[in-house]
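Me: I'm new to this one and would like to go through it piece by piece. Could you show it to me before we start?

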Amino acid sequence: MAQFKAISLSSSINLACYGPKRNTLLHSDNLICSRKLSTFHELSGKSSSLHGNAIVSNNVCMTLTPKNQGIQAVLSSNSGTDVSTVTKRGGLRGKLNKVVLAYSGGLDTSVIVPWLRENYGCEVVCFTADVGQGIKELDGLEAKAKASGACQLVVKDLKEEFVKDYIFPCLRAGAIYERKYLLGTSMARPVIAKAMVDVAREVGADAVSHGCTGKGNDQVRFELTFFALNPELNVVAPWREWDITGREDAIEYAKKHNVPVPVTKKSIYSRDRNLWHLSHEGDILEDPANEPKEDMYMMSVDPKDAPDKPQYVKIGIESGIPVSLDGKTYSPAELLATLNEIGGKHGIGRIDMVENRLVGMKSRGVYETPGGTILFNAVRELESLTLDRETIQVKDSLALKYAELVYAGRWFDPLRESMDAFMEKITETTTGSVTLKLYKGSVSVTGRTSAYSLYREDISSFESGDIYNQADAAGFIRLYGLPMRVRAMLNKGI
């Protein structure tokens, strides 16, 4: 390696430039540009704001490392050298060191692995989060990842964290998007993205990547989390960059790069499953006039085929958070998994809706949320005992915004975090139990109890009592209705 002082300050330096279609390397440690700069001073000025690496052709191959890490230069021949041959680790679109990829083992993410290596000259660490999607989706992942060209696979069990730190706060807040959607996918993306940021730090990666399309919500949810937790990470979104347009293109690319093509039968639906829900989109569902086929459902039975005898469940709640079922305490993930099984057996939690995506279009989806529907009803019913009228009204109004923030991927936004602190405070006394009846797709409350109940039978009873004097109502009505009375007097000229 030659010292940097070996380069003449007056010599011309030709730079070859390769970059992505989008500004992927905006915060990159890489600068690869393509025009002639007259002096090193000009080169230094152009690169200083990016704090990155420059690969230089012709006379010099130079690496500009981040601040305080020194500068090295490698002399090359005078014949001129293509950037891709200067370093074996160079790529067609730029230069990254190591990328953590959100990996499922399906066709899309299997193809992304060699695409990242080819286009960014990087090592690829595949990351899979277990958020309760099922053991079948985790089988054989390591072999698939390495066969695709990944250097390693990292799998993390996030089920308890997902339920405790993401699902239960939304449940406590009463967050529901556009009257129906219980935010199953929306809550899962930030916990996965957060884990990816952690893995990137652990393995020394300088970039993260995902397989979300450019038309959906998930790309926003992933990337806002990346921005919030580590703004220095590069983000690569292949679906916004590559020329692959569909399944056949992906298969052709896989074969060209010797990537084993998954042989599983292609579902006609696009699905996302986790411990909270299962979503279905695509195929006949794209026409909102079509009724979903019964064989589409996977977590719940047809309500008409559910047991003819209702089942009663008693949910214990502490400060707005479910903790027990029928007197038995469970961990958050265990409680939800148990209720999924019970609710699914009774056909609970099927939702068919047309929603407004964050990117502007409408989409139709069908959701199965058996355990979540049970818990949502239980918490809401207990609040009817423990919260006063004004508090419920304010909480419900804020829940709409809370749900919107979660849906939009703003989990780590200070506004949501502040609203969460409010929800935690006002539900401190939402402790007690709720008994629900599950019967052929319906959930109905049959009983509620709480030591903090604001309901007083001695006041609410139709029988006379010492606290509430019915004669007092006359004065209240006159004062409460005074504005209406005054307006009527004005209209009649009184």
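This is a predicted model: local features need pLDDT of at least 70, side-chain atom pairs count only at pLDDT 80 or more; totals for chains, interfaces and linings use all residues.

Me: Okay, and which side chain does E381 meet in a salt bridge?

Reply: The side chain of E381 meets that of R448 in a salt bridge, with 3.1 Å from N to O. This pair links distant parts of the chain, since E381 belongs to helix α10 while R448 belongs to strand β20 (residues 442-449), and the two are 67 residues apart. R448 is partly exposed, with a relative accessible area of 37%.

Me: What about helix α10 as a whole, how many of its residues are buried?

Reply: Of the 17 residues of α10, 15 are buried, so the helix is largely enclosed by the rest of the structure. Helix α10 covers residues 370-386 and reaches 25 Å from its first C-alpha to its last, which is close to the 24 Å expected at 1.5 Å a residue.

Me: Back to salt bridges, how many does the structure hold?

Reply: The structure holds 28 salt bridges. One of them joins the side chains of D420 and R172, at 3.2 Å from N to O. That pair also links distant parts of the chain, with D420 in helix α12 (residues 414-426) and R172 in helix α5 (residues 159-173), 248 residues apart. Both D420 and R172 are buried.

Me: And what does the side chain of K164 meet?

Reply: The side chain of K164 meets that of D165 in a salt bridge, at 3.3 Å from N to O. K164 is exposed, with a relative accessible area of 53%, whereas D165 is partly exposed at 36%.

Me: Which residues are linked in a network of salt bridges?

Reply: A network of salt bridges links E161, K194, D198 and R201.

Me: Switching to strands, in what order do β12, β13, β17 and β18 lie in their open sheet?

Reply: The order is β12-β13-β18-β17, and these 4 strands pair in the antiparallel sense. The edges are taken by β12 (270-273) and β17 (350-356), each of which has a single partner strand, so one side of each is left without a neighbour in the sheet. On average, neighbouring strands of this sheet are turned by 25° against each other, with direction ignored.

Me: How many bridges join β13 and β18?

Reply: Strand β13 (residues 278-281) and strand β18 (residues 362-368) pair over 3 bridges, and the bridge partner of L278 in β18 is E368.

Me: Now the backbone: what is the phi of R179?

Reply: Phi of R179 is near 75°, a positive value in a residue other than glycine. That is worth a remark because most residues other than glycine have a negative phi. R179 sits in the loop between α5 and α6 (184-203), and R179 counts as exposed at 80% relative accessibility. N258 has a positive phi too, of about 55°, although it is not a glycine. The place of N258 is in the loop between α8 (247-256) and β12, and N258 is exposed, with a relative accessible area of 67%.

Me: Last one: which residues make the nonpolar surface patch of about 310 Å²?

Reply: The patch is made by I459, I467 and Y468. Y468 lies in the loop between α13 (457-460) and α14 (472-480).

Note on methods: Residues are numbered from 1 along each chain as its sequence is written. Side-chain values use heavy atoms; hydrogens and water are left out. Two strands pair if DSSP finds at least two bridges between them. Axes are lines fitted to C-alpha atoms, for helices over the stretch in contact, and angles run from 0 to 180 degrees between N-to-C directions. Patches are made of residues with over 30% relative accessible area and no salt bridge: like charges are joined within 9 Å, nonpolar side chains (Val, Leu, Ile, Met, Phe, Trp, Tyr) within 5 Å. Accessible areas come from the Shrake-Rupley method with a 1.4 Å probe; for residues, only the protein chains shown count as cover. A salt bridge is a side-chain nitrogen of Lys or Arg within 4 Å of a carboxyl oxygen of Asp or Glu. The expected span of a helix is 1.5 Å times one less than its number of residues. Buried means under 20% relative accessible area, exposed over 50%, partly exposed in between (1.4 Å probe, protein chains only).
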